[in-house]
Amino acid sequence: MPDRLNSLDASFLYLEETTTPMHVGSVMVFDAPSDGFDYDRLVQLISTRIAFVPRYRQRIRQIPGRLANPVWVDDEHFDMTYHVRRSALPRPGTDEQLQEFVARIQPRALDRNRPLWEIYLVEGLAEGRFAIVSKSHQALVDGINAVDIAHVIVDGDPAVEGLIPDSWRPSREPSDVELLTGALVDAIRRPSEIAENIRGGIIDVKAVGSRALTAAGDVASTLARTAARPAPHSPLNATVGEARRYVMIGTDLEDYRKVRSRLARGNYADDVTINDVVLATISGAFRTWLLTRGESVHSGTTVRAMVPVSVYDEDARHVGSRLTACFVNLPVGEPGPSMRLHQIAFAMRQQMEGGQAVGAESLAGLAGFAPPTLHSLGARLGSAMSRRLFNVVITNVPGPQHTLYAGDAQMLSTYPVMPLAKGQALAIGLTSYDGGVYYGLNADRDSMPDIDVLGQSIVDSLAELLESHRSKSR
């Protein structure tokens, strides 16, 4: 019988609305090789590697009467050229034009009648560059049966690969009778599941969130404390429409290391991490952004962030296949940049003192290109939880500090595109790669017309932290 979606995966289908499509994406910018890189080469590259991820040639089939969760079935009419698309910017294309392109194509829902992913080759960028923009549904990327499509495209070997003989032949799609029979067999094995589906209990976000947290790690006490104090009122929480704005910000990883080395002093110096510096940078950016909006900012003003953190599990098949949710109140009301850093480091240390957190070196050393998949898992965790618990999701995934390639095209930078949940006007993803730290800010178009101000504020906040470190070193 075909693989059946578990309750969490199915919930991403049932809860999806036109204003909140539940897919994740990435924007990878490349330097074209001397002999160029075109659509045919991208199709050949994906065709060569998709054999390693069979899920990308499967689509979702609903069970008649919704007596059970949907199943994955082979797409008998799989068409690679439908999923791999071509676009171009007017030469010489700017980063701002690329951002607008991403903002327009990312909110479009994926076709439920086909495998739930798309890839866009965007040509015409200035300086001989091109971009590959991906979209993968959260129901598809679970980190075990399927990784993000961007994970499949790039690797550390610039050598041009020969074609692998494609021996894939789709299995016959089951009939409605066979699907019902399979559902009844599963119901006999797990009688409570069919009752839950008939009641529509899977649509209950709280129940799904509870199951997600149980699977993700033991954060019950943290969740209880957080639920007792709902997230503060913030312009980051607003009614979300269908249109988006997207901003890419590139920074230097060495700047974060400098801040950490000079400001992380005292009894807990070793516990201040690069992730803490990142969160302090974002805190300072939120402070500036709120002030430019004329919002009231006082000493107690905070923005609560949900920060997915990978944890170690001896039973897990993959590092990062388990995530835990950390909730941190970003101290945007604190005017001192170094004090913001130490407050955040203390708050994160309190939540992660169990010692299960996976270090940045372990994540960056994963085989292949893990960040897109881990961003996807972070988005899944955020989507399964009550939005009343936090104002914004921030996913920070360390990536490899060596050059990656798509075929023989060198990847210059990579920016996550995190989905928006209902009531969440902004989602922030960032990935460190080859000496850089790259932010992707995805925002509701109407609620966040000044998202570019927030992007510039990130650059300014990091500069403020650097200046603080210089003054302390004198």
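Of the 59 residues in the largest nonpolar core, which touch the most other members? Keep that question in mind as you open the structure, and we will reach the answer on the way.

**Before you start**

This is a predicted model, where local features need pLDDT of at least 70, side-chain atom pairs count only at pLDDT 80 or more, and totals for chains, interfaces and linings use all residues. Residues are numbered from 1 along each chain as its sequence is written, and side-chain values use heavy atoms, with hydrogens and water left out.

**Stop 1: the whole chain**

Show the protein chain as a cartoon: there are 15 helices and 14 strands in it. Helices (H or I, at least four residues) and strands (E, at least two) are DSSP runs, numbered from the N terminus. Of the 474 residues, 57% are buried. Here buried means under 20% relative accessible area, exposed means over 50%, and partly exposed is in between (1.4 Å probe, protein chains only). Among contacts in the chain with a separation of 6 or more, 79% are between residues 24 or more positions apart.

**Stop 2: the core**

Now select V27, L98 and W117. These are the residues that touch the most other members of the largest nonpolar core. Strand β5 gives the most to this core, with six residues. A nonpolar core is a set of buried Ala, Val, Leu, Ile, Met, Phe, Trp, Tyr and Cys residues joined through side-chain atoms within 4.5 Å. Next, colour V272, I344, M348 and I394, which are included in a second, separate core of 47 residues.

Return to V27 and display its neighbours. Leaving out residues up to four places away in sequence, V27 touches several residues, including L98, V102, I132, Y246 and V417.

**Stop 3**

Select residues 84-93 for strand β4 and 117-125 for strand β5; the two pair in the parallel sense over six bridges. Strands count as paired if DSSP finds at least two bridges between them. On this pairing, S87 stands opposite V122 in β5.

Which residues of α4 are buried? They are L98, Q99, F101, V102, A103 and I105. Their cover includes β1 (23-31), β4, β5, β6 (129-137), β7 (244-252) and β12 (409-417).

While β4 is on screen, look for P92, which is found in that strand. The peptide bond from R91 to P92 is cis, with omega near -10°.

**Stop 3: rings**

Show the aromatic side chains. The structure holds seven aromatic pairs. Rings of Phe, Tyr and Trp (its six-membered ring) pair if their centres lie within 6.5 Å; planes under 30 degrees apart count as stacked, over 60 as edge-to-face and the rest as tilted. Zoom in on Y56 and W117: their ring centres are 5.6 Å apart and their planes at 75°, so this pair is edge-to-face. Y56 lies in the loop between α2 (39-49) and β2 (58-61) and W117 in strand β5, so the pair ties together parts that are 61 residues apart in sequence. Y56 is buried at 0% relative accessibility, and W117 is buried with a relative accessible area of 0%.

Elsewhere, F30, F37 and F130 form one aromatic cluster.

Then select Y82. The charged end of R85 sits over its ring, 4.7 Å from the centre, and R114 lies over the face of Y82 at 3.9 Å from the ring centre. A charge sits over a ring if NZ of Lys or CZ of Arg is within 6 Å of the ring centre and within 35 degrees of the ring normal.

**Stop 4: positive phi**

Most residues other than glycine have a negative phi, and most peptide bonds are trans. Select E127 in the loop between β5 and β6: its phi is a positive value, near 65°. E127 is exposed, with a relative accessible area of 72%. Finish at D434, in the loop between β13 and β14 (436-444), where phi is near 50°, again a positive value. D434 is partly exposed, at 33% relative accessible area.

Notes: Contact = heavy atoms within 4.5 Å.
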